[in-house]
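Here are my notes on this model, as numbered points. Please read them with the structure open.

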Amino acid sequence: MNQPRSRLETSLIIATLALLFWLPLPLGSNREWSAALFWLLTALLCGGWSILQLQKGVSSNPALKPALPLFGLLLLVQGWTVIQWLSGISTDPGRTLHYLMLGIGYSLLFILIIGLFHTRNRLTLLAATLVVSGTLQGFYGSLMTLSGIEWLFFVPKDSYFGVATGTFVNRNHLAGYLVMTLGVGIGLLLALRDGAPFRWTNLLEMLMGPKARLRLGLVIMVIALVMTRSRMGNTAFFASLMILGALFILLNKENRLRNSLILASLIIIDVLVISQFFGLDKLKDRLVNTRVENVMDGEQVIARKNELRLDVFDYGWVQLMERPIFGFGAGSFESSFQRYPGPDVPLHYDHAHNDYLQFAIEYGLIGFLLLGGFVLLALYHALKALWRRESWYRSGMGFGAAMGILGILIHSSTDFNLQIPANAATFVTLCAMAVLAGQHRKTRRREA
């Protein structure tokens, strides 16, 4: 009697993992056809999960109740988008409809992850899939750059030559994806600790033992992250690692030495040793040579700023002040922004290069607060799980979710990762994992 349900559930799990793996491949799913495919597949999978729930009856999933407020906030955002679209608030109804469909897809993906991956084995499988995807993206991006072939997903590059982009068009979007998958990988490494007292004789086993494949994956992703030459991507990774690493070490007094060595090895071995051979000096040069203002000698400009996006921020703020409450409509930035820039912004900008500013311009204060509430509530659940000192696994998975969320929040201050469907869907998955980290069952409950 339970066999068909079991087969359906297994099929849904495999299909969801395959979808998450697929999303980065077709240029980050940042094309009309791939975004539509994401929405369609997510709707079908969620429909299958709904049928499964009807067959099961009352759900025993401990994560559903704490996840409902987050799901409700996502639905409210989509409701506000509908109002923008129907009421004439949106200055670009076509793009607003497109963003509405994506938003529905993200909402369905969130509840689908909560519904399917609520046991420890499944959550580990979900984390492992993201790590494998990030590792392959890192390997492919590094291989294309080092070999000089420079292809994306079955198409040659037309920009960003000499830096790793994986199957993304923009190096910053690969960096954002790697920041999230690195967070998940480090969290998984911490979650799978055995809790035994640390001995120096176990140091080699810790670095090269059964978890060697996971460590190798982290090394590949760090190398690729450095090879993207993404300034804020690398800054976001190290800042989130240092902040949450310090918090994690302080909270776990019993194994402070072991945890310190694990996190220190990620920095010392992966970055200062391995990445030194893959362009860490070039990344350093980009950071040092970043100029955010003109250097004057009297009335003469002797060195011009090389960050036009800061001018975009200024003009974007002017646009925001015109409609601060209701916004210009989801997805309308490209069409609505073009009348604001002066002659100091000669390029065409389809995104604000600041997710916070773009969300505020498009959704207004109403939508921005709803989105902010969703993210903050997810981060709260991740930190709450990280605080669970009695459970190595819950604490480690909470660390991974929190690091991925914090990393992309830092990166979003200078880029538009959350406008790319693959990265936005991965971010929503991390938010679901934040709830699951503290609210999952250790084993699958047998059904009568």
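1. Is Asp415 buried or exposed? The model is a predicted one. In it, Asp415 sits in the loop between α15 and α16. Its relative accessible area is 2%. The cut-off for buried is under 20%, so Asp415 counts as buried.

2. What surrounds Asp415? Set aside its neighbours within four places in sequence, and Asp415 is in contact with Asn172, His173, Arg309, His353, Asn354 and Asp355. One of these, Asp355, falls within the range of helix α14, residues 355-386.

3. Next, the overall make-up. The protein chain has 16 helices and two strands. Of its 448 residues, 56% are buried. Take the contacts with a separation of 6 or more: 78% of them join residues 24 or more positions apart.

4. Now the pair α14 and α15. Helix α14 (residues 355-386) packs on helix α15 (residues 392-411). The angle is about 160° and the axes are 8 Å apart. The two helices are therefore roughly antiparallel; the threshold for that term is over 145 degrees. The crossing of α14 past α15 is left-handed.

5. Which residues make that contact? On the α14 side they are Tyr356, Val375, Ala378, Leu379, Ala382, Leu383, Ala385 and Leu386. On the α15 side they are Arg394, Ser395, Gly398, Phe399, Ala401, Ala402, Ile405, Leu409 and Ile410. By class, the contact of α14 with α15 holds 14 nonpolar residues, two polar and one charged.

6. Helix α3 (residues 64-87) passes a length check. Its 24 residues should span 34 Å at 1.5 Å a residue. The end C-alpha atoms are 33 Å apart, so the two values agree. After α3 comes Gly88, with a positive phi near 90°.

7. What does α3 bury, and against what? Its buried residues include Leu70, Phe71, Leu73, Leu74, Val77, Trp80 and Thr81. Gln78 and Gln84 are also buried. The packing partners of the buried residues are α2 (32-56), α4 (93-116), α14 and α16 (421-438). An α-helix has 3.6 residues a turn, so residues three or four places apart point the same way.

8. Last, Phe21 in helix α1 (residues 3-22). Phe21 is partly exposed, at 29% relative accessible area. Beyond its neighbours within four places in sequence, Phe21 is in contact with Val132, Ser133 and Leu136. Phe21 and Thr426 are 405 residues apart in sequence, yet their C-alpha atoms are 9.7 Å apart in space.

Methods
Residues numbered from 1 in each chain as written. Predicted model: local features only at pLDDT ≥ 70, side-chain atom pairs only at ≥ 80, totals over all residues. Heavy atoms only, no water. Axes fitted to C-alpha atoms, helices over the stretch in contact; angles between N-to-C directions. Helix = DSSP H or I, 4+ residues; strand = E, 2+ residues; numbered from the N terminus. Parallel < 35°, antiparallel > 145°, perpendicular 65-115°, else oblique. Left-handed = near helix turned anticlockwise from the far one by under 90°. Contact = heavy atoms within 4.5 Å. Nonpolar A, V, L, I, M, F, W, Y, C, P; charged D, E, K, R; others polar. Expected span 1.5 Å × (residues − 1). Buried < 20%, exposed > 50% of the residue type's maximum accessible area, 1.4 Å probe, protein only.
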